[in-house]
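Here is a friendly walk through one protein model, for a reader who is new to structures. Keep the 3D view open as you read.

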Amino acid sequence: MADLTPKASWTAADASHLARRAGFGVSPDAASALAAQTVDAAVNAWVDGGADRTEMEAVLAASADMVDEPSRSASTAAGAVDVPAVPAPHPFLVQGADAWRNNFPRAQAYLAFRMQYDPYPFAERMALFLHNLFATGWSKVDNASLMLAQYQTFRAHCLDNFDDLLVLVSKDPAMAIWLDLVENNASGTSVPNENYAREVMELYSLGADNGYNQTDITQLARALSGWSFTVSQSGAVADPTSPQNLKASAGTFRVYDGSANPDPYLWYLGAAATLPRMHGSGSVAFLGQTFDIAHPPSGMAPGEDALRSIITSRATQCSQFLAQRLLIHFVTGNYTQQDLTDVAAMIRSAGFNLRSVMKTLLKSNYFFAPENRFALVEGPVSWTVRASRALGYDLTTANGMSPKGFPAWSRIADPYFEQAGMKLLDPIGPNGWKEDTGWLNSNTIRYRTKVAAAVALGAGAPQSSDAGLFPSDASRWFPVDPATAQAVFDRLVALLQPGAIPAAVRDSWLQALWPSGFSWNATDPATQVRARELAYLILCSPAGQVY
């Protein structure tokens with residue numbers, strides 16, 4: 001049984017557990033400060049956020065990207081111009097007027113930077129969770145700006161009611177391209193495209209064959225026919241090197257019903273004064289109810305009431321589906337059927353309100369149970385960000401350095417995220433990535449060791465004028481000089497927070513690093529090398545993969 005009653009009191013170790021699972025870790029001092037609050041107050045503040053983002057937003061707008069942007073040469077097209085190089089540091093040139101660049105690694109880097117430095121880490125953790133739940137891929141969407149816009153939807157609405165979130169995702173431009181909503185035509189004798197209707201139930205709300213049938217898929221496809229988007233004049237961004245090539249920086253949801261187009265462009269950036277007629281007419285019979293898809297309730301798009309009915313008419317199945325996804329990301333993969341039933345009942349009791357659900361889950365004795373500590377394998381993006389947070393510079397310090405002390409996330413995202421098992425923003429299919437032990441195999445663990453070398457050892461030579469991949473100062477890891485090799489180990493464990501490392505393994509490491517007895521000189525390069533090598537061993541160990 002999942003004990004979802006709130007934990008009465010807690011320790012710094014409990015607070016660290018919360019920060020690892022519901023964020024990207026905190027320092028030992030920050031964990032102690034959290035533990036000084038009540039569980040209720042600390043978790044409420046963690047979930048609700050409200051921290052000042054001014055400094056982070058200013059850095060993002062000016063100097064967060066530590067990788068040079070190369071020049072681009074003009075084509076032979078009329079009006080084409082050369083685009084000069086942009087030396088680092090500079091903003092991540094992906095969105096708005098830079099949408100034409102369609103720079104996928106920089107979009108990934110932008111997200112990693114926010115995960116590392118956002119003072120509201122819970123929203124970033126929830127967005128990462130929802131990105132896997134509503135998996136959408138850049139390879140097909142072919143638009144980094146639209147992918148980041150979808151991710152912003154996850155970030156901004158991660159605590160909404162689940163049906164509201166499901167509707168927002170269904171109206172999202174990147175999703176419309178990814179699962180072919182833009183091709184869903186049910187007007188006249190046209191046969192609707194069922195791809196999204198199938199996946200929204202199978203992968204996003206109910207689970208495979210769980211309370212619906214093929215007729216329901218067909219009927220929902222008719223209800224959602226014509227769901228697409230248009231692009232404004234300012235949202236169609238021309239490539240200066242080939243001005244005839246446009247990229248949408250954003251899109252506005254529309255139902256293609258034959259009415260006038262409020263914008264100059266359709267979803268594919270073809271000019272049109274009138275929207276195509278793609279939405280079906282009449283009514284649909286879906287999940288045992290009838291919906292008039294031509295005359296929706298006030299405030300809803302045509303067909304939206306049918307979509308929302310998934311949660312209300314199949315509340316048990318939907319709550320079980322959502323419980324399963326929440327458990328394997330935030331709590332444990334070793335849940336029992338009773339645990340699943342209990343969490344699903346809590347979700348229904350909360351009216352599928354994600355803010356309430358997450359507060360209840362993260363305050364619960366079940367979440368903090370000893371058997372659920374270090375019970376999940378951490379995904380490679382989260383694992384990399386957490387290691388960088390632990391060993392790198394904080395935002396203020398990094399921003400005040402010359403060169404700035406931010407990681408070169410664009411160089412890290414490509415190729416290491418994919419090699420380590422999670423090509424952020426580009427899953428291979430709409431079912432996303434398998435979590436927990438699904439993150440590990442002989443190949444992905446090999447590339448984790450390369451990332452660990454970059455984080456802990458400073459490996460990875462700078463390119464051009466880039467800073468190092470993960471700038472750090474090992475002497476800063478130790479506010480007090482350690483008196484023993486054991487003290488070095490204890491401090492690094494406090495920073496990196498691995499699972500339990502066997503004493504025999506620890507002792508063999510320390511003996512190998514200090515074979516002739518322990519000595520410490522914080523300014524001695526040899527001392528820093530040993531500390532870095534120990535951090536590397538911790539990150540590469542089996543205990544270093546769990547959280």
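Helices α23 and α24 run roughly antiparallel to each other, because the angle between them, about 155°, lies over the cut-off of 145 degrees used for that label. This is a predicted model, so every value here is computed from predicted positions. Helix α23 covers residues 503–513 and helix α24 covers residues 525–540, and their axes are 11 Å apart. Their crossing is right-handed. On the α23 side, the contact is made by W509, L510 and L513, while α24 brings R530, E533, L534, L537 and I538. What kinds of residue meet there? Six are nonpolar, two are charged and none is polar.

Now turn to another pair of helices, α11 (residues 195–202) and α12 (residues 214–223). They pack at an angle of about 120°, and are therefore oblique to each other. Helix α11 passes α12 in a right-handed crossing. From α11, the contact uses A197, R198, V200 and M201; from α12 it uses Q214, D216, I217, L220 and A221. This set of residues divides into six nonpolar, one polar and two charged.

The table puts the two pairs side by side.

| Helix pair | Packing angle | Distance between axes |
|---|---|---|
| α23 and α24 | about 155° | 11 Å |
| α11 and α12 | about 120° | 8 Å |

In soluble globular proteins, nonpolar side chains tend to be buried together.

Is helix α9 (residues 162–170) mostly covered or mostly uncovered? Mostly covered: seven of its nine residues are buried. These are F162, D163, L165, L166, V167, V169 and S170.

Next, look at some details of the backbone. The peptide bond from S402 to P403 is cis, with omega near -5°. P403 sits in the loop between α19 (395–399) and α20 (409–419). Another cis peptide bond joins D414 and P415, where omega is about 20°. P415 is found in helix α20 itself.

Phi angles also deserve a look. D142 has a positive phi, near 55°, although it is a residue other than glycine. You will find D142 in the loop between α7 (138–141) and α8 (144–157). Why does D142 count as partly exposed? Its relative accessibility is 36%, and partly exposed means between the 20% limit for buried and the 50% limit for exposed. F374 has a positive phi too, near 50°, and is likewise a residue other than glycine. F374 lies in the loop between α17 (365–368) and α18 (380–391). With a relative accessible area of 28%, F374 is partly exposed.

Technical notes:
Residues numbered from 1 in each chain as written. Predicted model: local features only at pLDDT ≥ 70, side-chain atom pairs only at ≥ 80, totals over all residues. Heavy atoms only, no water. Axes fitted to C-alpha atoms, helices over the stretch in contact; angles between N-to-C directions. Helix = DSSP H or I, 4+ residues; strand = E, 2+ residues; numbered from the N terminus. Parallel < 35°, antiparallel > 145°, perpendicular 65-115°, else oblique. Left-handed = near helix turned anticlockwise from the far one by under 90°. Contact = heavy atoms within 4.5 Å. Nonpolar A, V, L, I, M, F, W, Y, C, P; charged D, E, K, R; others polar. Buried < 20%, exposed > 50% of the residue type's maximum accessible area, 1.4 Å probe, protein only.
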